[in-house]
Amino acid sequence: MHLKYESQLREPLVDGVKDYHQVTEDIVRPIEAKPSKLWYIGFFVSASCLLFGVYSVYREVTYGIGQWNLNKTIGWGWDITNFVWWVGIGHAGTLISAILLLFRQGWRTGVNRAAEAMTIFAVMCAGQFPIFHMGRVWMCFFIFPYPNTRGPVWPNFNSPLMWDVFAISTYFTVSLLFWYSGLIPDFGTVRDRAKTKLRKKLYGIASFGWVGSTKHWQRHEALSLVLAGLATPLVLSVHTIVSMDFATSVIPGWHTTIFPPYFVAGAIFSGFAMTQTLLVVIRKVFNLQEYITLGHVEAMNKVIVLTGSIVGCAYLTELFMGWYSQNKYEGYTFWYSRANLFSPYGWAYWGMMTCNVLSPQIFWFRKMRRNLFVTFFMSVIVNVGMWFERFVIIVTSLYRDYLPSSWAVYYHPSIWEIGFYLGTFGLFFTCFFLFSKYFPTIAIAEIKYILKTSGESFKAKVGSIEMQGVEEFASEHAHIDGHVVAGAHSH
Amino acid sequence: MSKKKFVVGAFDDEAVLFPAVKKVRMSGYKIHDVYTPFAVHGLDHALGLRETSLHTAGFIYAITGTCTALGGISYVFTYDWPVNIGGKPHFALPAWIPIIFELTVLFSAVGMVLTFCYLCQLAPFVKKHHFHPRATDDLFVMVIECTAKTNVDDLQAFLTRNGAVEVSVQEAETEWWVGTYDKEQRLIKDTDFGVA
């Protein structure tokens with residue numbers, strides 16, 4: 001029984017004539033069919049990148065950090081840039097599933113599953129960088145506070161780097177739980193349709209024995225809601241804490257209080273861009289255009305233009321403060337190292353400005369927001385821009401600091417640094433290909449829940465009633481002399 | 001483990017299911033459970049199930065996390081190994097807020113998911129009796145427990161009259177997982193009943 005009523009004026013979230021069974025069919029079909037040739041090609045390309053990454057990391061572990069072109073001055077380079085970039089991408093999924101759930105945004109149901117999966121894979125990729133940057137990676141468990149035989153010597157809980165350990169690991173765990181608890185009922189659906197014994201067995205294990213009891217659904221709803229409530233401040237806290245890695249230092253260009261909101265906005269910006277990149281492809285390849293509609297794409301593009309503009313405001317505020325503070329180190333970093341196109345890294349700053357601030361403004365136009373080619377192209381541009389943002393923040397603040405004698409020569413990454421980055425792409429896409437083949441890429445139960453309020457064929461039935469209602473309303477409220485009919489025209 | 005007899009009625013529309021649930025309960029039958037492909041809001045009220053206390057559990061886990069973080073860090077930095085970090089106070093509460101917050105969330109989330117799995121008896125390798133395979137696809141399956149007094153044929157006809165598209169009689173073992181809600185479900189005569 002649907003007590004929620006949705007206006008006819010709202011665009012349907014599920015196109016086409018559907019019933020509950022058709023929804024199951026459409027979403028489970030890619031799982032039951034044999035993967036296409038394109039899938040195999042994509043999978044093997046990703047897996048090869050992953051292998052190259054594994055070899056790059058093997059070199060780094062065997063021969064030490066010297067395999068990367070970091071130096072005393074630029075101690076953080078590609079590795080931490082990539083770390084922040086991946087963590088940022090990992091923000092969209094939980095934002096979509098948690099914050100949009102609390103805001104009751106119906107369109108999240110079409111995209112939340114894939115976005116959450118993306119979050120989890122992105123955080124997995126992000127985690128690799130600080131772990132391997134430790135150098136002696138086999139000692140990495142030293143970061144956890146446990147009673148040890150070295151004193152015990154505890155980690156420094158006052159350090160933002162330690163906060164990061166807690167933030168990222170909590171974020172990963174909570175996202176994973178949220179994602180999997182949503183998957184349980186859908187695995188149940190896949191299991192009950194399974195034709196082969198092996199499939200039945202495997203999806204049976206994955207579904208935890210779910211049968212859809214009313215009491216279980218009641219608890220499941222409560223769980224989702226509370227997890228969403230917990231994940232909402234968590235999402236904001238994670239990139240806030242990442243930004244504090246920089247903001248609590250005294251390096252010009254890092255030492256700014258604007259960092260937490262600016263990083264969070266940037267994270268949502270890049271996360272939505274990556275979600276677009278993946279979903280534009282998925283909806284086409286798996287024929288899910290009726291579930292991930294142009295309306296969904298448009299909604300996400302709106303978030304992109306909003307967050308892109310917030311990030312733009314932050315860039316301008318930083319420049320303003322660089323001048324207004326009259327601090328010569330700040331001024332040097334912002335106005336020479338960054339904003340001056342002819343300084344060694346000026347190109348990176350202006351690349352960032354173009355990709356992140358100027359180009360997303362195209363999404364003020366509805367036609368562009370609903371154009372898939374523009375969306376796909378822009379989603380890649382935004383992610384390039386966001387990579388540059390982190391590179392600019394990290395490298396331009398480091399390469400020339402207070403002491404000119406330690407100013408670094410030009411920093412360029414070694415092949416193993418690039419290989420490591422490429423490897424995380426491999427990891428990300430390998431996981432995503434496996435996910436898209438073996439998991440329901442759209443939350444089946446949630447789509448069924450909104451079907452009767454937001455499905456196209458159901459809305460059409462409601463439509464006539466609604467229009468009649470407007471006319472009745474208008475005639476009731478018409479002026480006595482009868483020639484001004486309020487409401488009739490505006491609708 | 002004794003076998004029990006159930007009358008199973010499958011409905012294809014939740015709008016038909018709700019009045020049927022009401023009528024079945026009004027007639028004094030005991031609904032064992034209703035299996036649905038998605039969360040049908042208000043069905044738990046219609047069945048007379050009480051509200052879940054999972055939220056409360058989540059709150060308790062959250063407080064546990066807060067206390068663990070605050071207690072642990074205080075112990076380490078003020079008692080076990082007070083390190084002088086730039087002359088700053090040992091009890092540096094503001095600097096601990098991020099970790100305290102993260103552990104609060106972590107404990108609450110993990111605790112709630114485990115509690116959820118425990119209460120619903122969900123785990124890998126658990127297999128439950130399925131009254132209708134399409135209950136996870138497109139049917140809303142009402143399962144009524146038969147007692148010695150139940151006239152099975154009457155009940156089946158009653159369900160069909162109230163919109164069930166498929167009716168059957170099944171036997172299932174009442175194992176630990178069957179999980180009847182004897183304690184939860186209030187009988188219809190005890191309570192004012194309304195479809196929420």
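## Two crossing helices in chain A

Let's start with a helix pair in this predicted model. Helix 11 (residues 328–338) of chain A packs against helix 14 (residues 372–398) of chain A at an angle of about 110°, and their axes are 10 Å apart. Angles of 65 to 115 degrees count as roughly perpendicular, so helix 11 of chain A is roughly perpendicular to helix 14 of chain A.

On the helix 11 side of chain A, the contact is made by A:Thr333, A:Ser337 and A:Arg338, while helix 14 of chain A brings A:Val392, A:Thr396 and A:Ser397. Sorted by class, this contact has one nonpolar, four polar and one charged residues.

## Where chain A meets chain B

Next, the interface: 52 residues of chain A are in contact with 57 residues of chain B. On the chain A side, the elements giving two or more residues are helix 1 (20–32), helix 6 (160–193), helix 7 (197–206), helix 8 (214–247) and helix 16 (444–454).

Helix 8 of chain A provides the largest share of that side, with 16 residues. The chain A residues that touch chain B divide into 26 nonpolar, 19 polar and seven charged.

## The nonpolar cores

The largest nonpolar core has 172 residues, and A:Val174, B:Met112 and B:Val141 have the most contacts inside it. This core lies between domain 1 (3–37 + 138–175) and domain 2 (54–119) of chain B, because both give residues to it.

Another core, of seven residues, lies apart from the largest one and includes A:Val57, A:Trp78, A:Phe420 and A:Tyr421.

Technical notes
Residues numbered from 1 in each chain as written. Chains lettered and ligands numbered in written order. Predicted model: local features only at pLDDT ≥ 70, side-chain atom pairs only at ≥ 80, totals over all residues. Contact = placed C-beta atoms within 7 Å. Helix = DSSP H or I, 4+ residues; strand = E, 2+ residues; numbered from the N terminus. Nonpolar A, V, L, I, M, F, W, Y, C, P; charged D, E, K, R; others polar. Axes fitted to C-alpha atoms, helices over the stretch in contact; angles between N-to-C directions. Parallel < 35°, antiparallel > 145°, perpendicular 65-115°, else oblique. Core = buried A, V, L, I, M, F, W, Y, C linked by C-beta atoms within 7 Å. Buried ≥ 20, exposed ≤ 12 C-beta atoms within 10 Å, placed from the backbone. Domains from an automatic or database assignment.
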